[in-house]
Amino acid sequence: MNRTISALVLLLLAGVGVSATYWLQRASAPQIAAEQRMAESRKMLDVLAVDSYDNQPLEQPLTLAEAVLRNSTLIGGYRATRKTQTVAVLLRSVTEGYAGNIELLIAIDAHGTLLGVKTLRQNETPALGGPIGDWPNRWLAVFSGKSRDDPPDAEWALKKDQGQFDQMAGATVTSRAAVNAIRDALRYFDQHRTVLLGGGS
């Protein structure tokens, strides 16, 4: 009889434990999912200083018109704001690299100055163009502070194309694709500045 009672007590305790675990997981799942989204967002948005904006840019996507550009295609856009004032526009750009598509996140401040560029996806050759996917990225950091007119349009190219920018060693196609996509994004920003900053339709 004692064994039966002990077995029933153990079974009851196991059932209570399983039920408690189940309900605890269900109760915490939304919070865990929200924290995962925040971590992913932070990873994607690390082209911006953490204290430079107070909204959730990725939750407020922009509608982009005329998104097929000269050397790239814009597949998304976001507005970062602080106290309702736009501080940056982030453009997701896809361009053709050496081994496939390269997806870049290009952050531009309200004055049209490049804040940073980050590679979101790429399939370039690991020892050559592949380092474009590293973060932080010393080569992409060279573009910070540049704008559509700085350097002049003719110099928005690799040095081997009579431009201003060095290429990544052994990765001419990858480097050229990135330079052209960044220049495209800056041009697009200038042409659609009012809408992107939230000042019109």
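Me: Is strand β3 mostly covered or mostly open?
Reply: In this predicted model, strand β3, which takes in residues 101-109, is mostly covered, with eight of its nine residues buried.

Me: Which strands does β3 pair with, and how do they run?
Reply: Strand β2 (residues 85-96) is joined to β3 by nine bridges, and the two run antiparallel.

Me: What about the turns, where are the glycines with positive phi?
Reply: The hairpin of β2 and β3 has four residues between the strands, and Gly 100 in that turn has a positive phi of about 145 degrees. The hairpin of β3 and β4 also has four residues between its strands, and in that one Gly 112 takes a positive phi near 90 degrees.

Me: Back to Ile 106, is that one buried or exposed?
Reply: Ile 106, which lies in strand β3, is buried, with a relative accessible area of 0%. That value falls under the 20% cut-off, so the residue counts as buried.

Me: What is Ile 106 in contact with, leaving aside neighbours within four places in sequence?
Reply: The contacts of Ile 106 include Val 89, Leu 90, Leu 91 and Ser 93, together with Leu 114, Gly 116 and Val 117, and also Ala 181, Ile 182 and Ala 185. Ala 181, Ile 182 and Ala 185 fall within the residue range of helix α3 (residues 172-191).

Me: How many residues of α3 are buried, and what span should the helix have?
Reply: Helix α3 is mostly covered, since 16 of its 20 residues are buried. At 1.5 Å a residue, the helix should span 28 Å, and its end C-alpha atoms are 28 Å apart, which agrees.

Me: Ser 93 came up as well, where is it and what does it contact?
Reply: Ser 93 lies in strand β2 and is buried, with a relative accessible area of 1%. Leaving aside neighbours within four places in sequence, its contacts include Ser 72, Thr 73 and Leu 74, the β3 residues Ile 102, Glu 103, Leu 104 and Ile 106, and also Ala 181.

Me: Switching to charges, how many salt bridges are there, and which residue does Glu 103 pair with?
Reply: The count comes to eight salt bridges. Glu 103 forms one with Arg 121, the closest N and O atoms being 2.7 Å apart. Glu 103 lies in strand β3 and Arg 121 in strand β4, so the pair ties together parts that are 18 residues apart in sequence.

Me: Which residues are linked with that pair in a network, and are Glu 103 and Arg 121 buried or exposed?
Reply: Arg 92, Glu 103 and Arg 121 are linked in a network of salt bridges. Glu 103 counts as buried at 7% relative accessibility, whereas Arg 121, at 52%, counts as exposed.

Me: What does Asp 153 pair with?
Reply: Asp 153 forms a salt bridge with Arg 187, with the closest N and O atoms 3.3 Å apart. Asp 153 lies in the loop between α2 and α3 and Arg 187 in helix α3, so this pair ties together parts that are 34 residues apart in sequence. Asp 153 is partly exposed, with a relative accessible area of 37%, while Arg 187 counts as buried at 8%.

Me: Where is Trp 156, and what is it in contact with?
Reply: Trp 156 is found in the loop between α2 (138-141) and α3, and at 0% relative accessibility it counts as buried. Among its contacts beyond four places in sequence are Phe 143, Pro 151, Phe 165, Val 179, Ile 182, Arg 183 and Leu 186. Trp 156 and Arg 183 are 27 residues apart in sequence, and their C-alpha atoms are 6.8 Å apart in space.

Me: Last topic, which residues form the nonpolar patch on the surface?
Reply: The patch is formed by Ile 5, Val 9, Leu 10 and Leu 13, which together have about 390 Å² of accessible area. Val 9 is found in helix α1 (residues 2-44) and is partly exposed, with a relative accessible area of 42%.

How values were computed. Residues are numbered from 1 along each chain as its sequence is written. This is a predicted model: local features need pLDDT of at least 70, side-chain atom pairs count only at pLDDT 80 or more; totals for chains, interfaces and linings use all residues. Side-chain values use heavy atoms; hydrogens and water are left out. Buried means under 20% relative accessible area, exposed over 50%, partly exposed in between (1.4 Å probe, protein chains only). Two strands pair if DSSP finds at least two bridges between them. Contact means heavy atoms within 4.5 Å. The expected span of a helix is 1.5 Å times one less than its number of residues. Patches are made of residues with over 30% relative accessible area and no salt bridge: like charges are joined within 9 Å, nonpolar side chains (Val, Leu, Ile, Met, Phe, Trp, Tyr) within 5 Å. Accessible areas come from the Shrake-Rupley method with a 1.4 Å probe; for residues, only the protein chains shown count as cover. A salt bridge is a side-chain nitrogen of Lys or Arg within 4 Å of a carboxyl oxygen of Asp or Glu.
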